[in-house]
Amino acid sequence: MNVLDGGSRTAEYLGRRIAEWRFVPPVDYWAGRIWDGDGFEAASGDLARAYQSEREIIRSSLEDYVTHTRGRRLFALDAACGTGRYTRLLLDLGVEHVTSVDVSTASLELLRGRTRDAERVSCVLQDVRLLGAVPDPPTYDIVLCCDAIHHLGDLTEVLHLLRRMAKPGGLIVGDVWTSDNYAELQAERRGATKRFSSSMHFLMAALLNGLANRSVMSASRSQLHTACETERLLRQAFPEVLVRQEKFWVSFSTIAEAPSP
Ligand SMILES: C[S@@+](CC[C@H](N)C(=O)[O-])C[C@H]1O[C@@H](n2cnc3c(N)ncnc32)[C@H](O)[C@@H]1O
């Protein structure tokens, strides 16, 4: 391991520990940018393959559910939808209507432009964390949140929010990107020097955010938990859940139980 590598790992370790103490979701950062999943999937290399395989895993859970509920009109929530790669997948699988929520106006505009059946989609510019804040929030047959749960704050709180948004018997499906191989991913994407500056930036952001208790810097790095920690939190949040650990993320699917009386 060279000096840059060692420095990056130390900065990332310290940054994660500080962010665990006080993680401030970087909502402003996301509101001002476009994260284009379609573009990442269409590129080449390991990262593109990872995004393609992420989609295939989610597709197979969705297909099973749609087949199982054949004939029912299904209403879905795509929470933190970005430019809508999963919104379009849901439509392609025959879901009647998708509510697609994100904080990025530009991403929602791209989603609208890329979606053929616009009348089957409602685009909502909103912080996902506020969805359940009203007394009787709308509920859905499918609640999907991919590659975003880790950006939204406390993992357990977000999982409970997703649970509240699902009808009893509804499907909750998604994934959480994890810290295990994140450094490797960064090195592959950016090279050792850029990765070092990115790691130092992450450490500074975590520190400033923690001290100020708000998102002072655009700390987009939110993969704070390892795959094992993530699996444990998922099993605590959902009594019966299918969990699959992959290199960069943990995917899950579960059927929402009726709320206890
Ligand atoms: C990595 S992208 C994933 C997008 C999409 N789910 C996909 O897989 O293609 C994360 C998305 O979460 C959105 N996001 C982040 N924080 C959010 C929040 N608090 N409420 C709603 N959307 C949010 C970002 O704007 C971004 O589009």
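## Helices α7 and α9

Helices α7 and α9 are oblique to each other, because their angle is neither under 35 degrees (roughly parallel), nor over 145 (roughly antiparallel), nor 65 to 115 (roughly perpendicular). The axes of α7 (residues 155-164) and α9 (residues 227-237) cross at roughly 40° and come within 10 Å. Axes are lines fitted to C-alpha atoms, for helices over the stretch in contact, and angles run from 0 to 180 degrees between N-to-C directions. Helices (H or I, at least four residues) and strands (E, at least two) are DSSP runs, numbered from the N terminus.

In α7, Leu155, Thr156, Leu159 and His160 meet Leu233, Leu234, Gln236 and Ala237 of α9; contact requires C-beta atoms, placed from the backbone, within 7 Å. By class, this contact of α7 with α9 has five nonpolar, three polar and no charged residues.

## The model

This is a predicted model, in which local features need pLDDT of at least 70 and side-chain atom pairs count only at pLDDT 80 or more, while totals for chains, interfaces and linings use all residues. Residues are numbered from 1 along each chain as its sequence is written.

## Around the ligand

Of the 23 residues around the ligand, those that come nearest are Trp30, Gly37, Ala80, Gly82 and Val128. The elements giving two or more residues to this shell are α2 (27-31), α5 (85-92) and β2 (97-102).

## Thr193

Thr193 lies in helix α8 (residues 182-212). Thr193 is exposed, with 10 other C-beta atoms within 10 Å; the cut-off for exposed is 12 or fewer. Thr193 and Glu12 are 181 residues apart in sequence and 14 Å apart in space, C-alpha to C-alpha.

Terms used
A residue is near a molecule or strand if its C-beta atom, placed from the backbone, lies within 6 Å of it. A residue is buried if 20 or more other C-beta atoms lie within 10 Å of its own, exposed if 12 or fewer, and partly exposed in between; C-beta atoms are placed from the backbone. Two residues are in contact if their C-beta atoms, placed from the backbone, lie within 7 Å. Ala, Val, Leu, Ile, Met, Phe, Trp, Tyr, Cys and Pro count as nonpolar, Asp, Glu, Lys and Arg as charged, and the others, Gly among them, as polar.
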